[in-house]
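The tour below goes from one selection to the next.

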Amino acid sequence: MDFKRMFRSFRFAGKGLYQLALQENNAKFHLLATVLVLMGGGYFHLNTVEWCLVTFAIVLVWAAEAINTALEVLCDRISTQKDPMIGKVKDLAAGGVLVCAMGAFAVGVFIFGPRILAFFQG
Ligand SMILES: Nc1ncnc2c1ncn2[C@@H]1O[C@H](COP(=O)(O)OP(=O)(O)OP(=O)(O)O)[C@@H](O)[C@H]1O
């Protein structure tokens with residue numbers, strides 16, 4: 001097992017995530033949502049299962065966004081001309097992010113919805 005090589009891979013992956021979070025517009029929104037959800041989770045004292053679900057939802061959206069961005073970069077590298085196949089690849093990748101984001105939103109509604117309602121009803 002080559003730990004040095006493994007550590008190097010982590011560094012590259014971290015660099016990718018850093019670029020994603022700071023340079024991609026959608027990812028900035030995910031970052032804000034992630035921070036708010038983590039703060040909300042702390043405030044409402046989520047239980048272990050709820051934390052697992054919230055963590056899974058957050059991770060899924062970030063992974064989908066990273067793959068979508070990678071495909072966009074690759075597509076733009078292949079061709080900047082209008083090309084129906086490039087458009088299709090980008091639309092499919094964006095669809096993948098949307099499905100994950102909708103799932104994450106549903107998890108958020110199920111977990112935080114009743115608590116937020118109770119909070120405002122006093
Ligand atoms: N080269 C292309 N050929 C055909 N259609 C394209 C091409 N580039 C983009 N499109 C269409 O425009 C949409 C938006 O593409 P774009 O690359 O601007 O991504 P985006 O959704 O705006 O993401 P971001 O804001 O992260 O750049 C695509 O989903 C696709 O339908």
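For the residue classes used at the first stop, Ala, Val, Leu, Ile, Met, Phe, Trp, Tyr, Cys and Pro count as nonpolar, Asp, Glu, Lys and Arg as charged, and the others, Gly among them, as polar. Keep in mind that this is a predicted model.

Start with the ligand. Select Glu24, Asn25, Asn26, Glu72, Ser79, Lys82, Asp83, Ile86, Gly87, Lys90, Asp91 and Ala94, which surround the ligand. Coloured by class, this shell shows six charged, four polar and two nonpolar residues. Next, display helix H2 (25-43) and helix H4 (84-121), each of which supplies at least two residues of the shell. H4 gives the most, with five residues.

Now move to Glu65, where UniProt, in an unreviewed entry, places the feature "active site". Glu65 is in helix H3 (residues 48-78). Is Glu65 buried or exposed? Glu65 is buried, because 23 other C-beta atoms lie within 10 Å and the cut-off for buried is 20 or more. Leaving out residues up to four places away in sequence, select the contacts of Glu65: Leu20, Asn26, Ala27, His30 and Val97. One of these, Asn26, also belongs to the residues surrounding the ligand.

From there, centre on His30, in helix H2. His30 counts as buried too, with 20 C-beta neighbours inside 10 Å.

Finally, draw a distance between the C-alpha atoms of His30 and Trp51: they are separated by 17 Å, and the two residues are 21 apart along the chain.

How values were computed
Residues numbered from 1 in each chain as written. Predicted model: local features only at pLDDT ≥ 70, side-chain atom pairs only at ≥ 80, totals over all residues. Near = placed C-beta within 6 Å. Helix = DSSP H or I, 4+ residues; strand = E, 2+ residues; numbered from the N terminus. UniProt positions renumbered as here; feature names shortened; annotations may be inferred. Buried ≥ 20, exposed ≤ 12 C-beta atoms within 10 Å, placed from the backbone. Contact = placed C-beta atoms within 7 Å.
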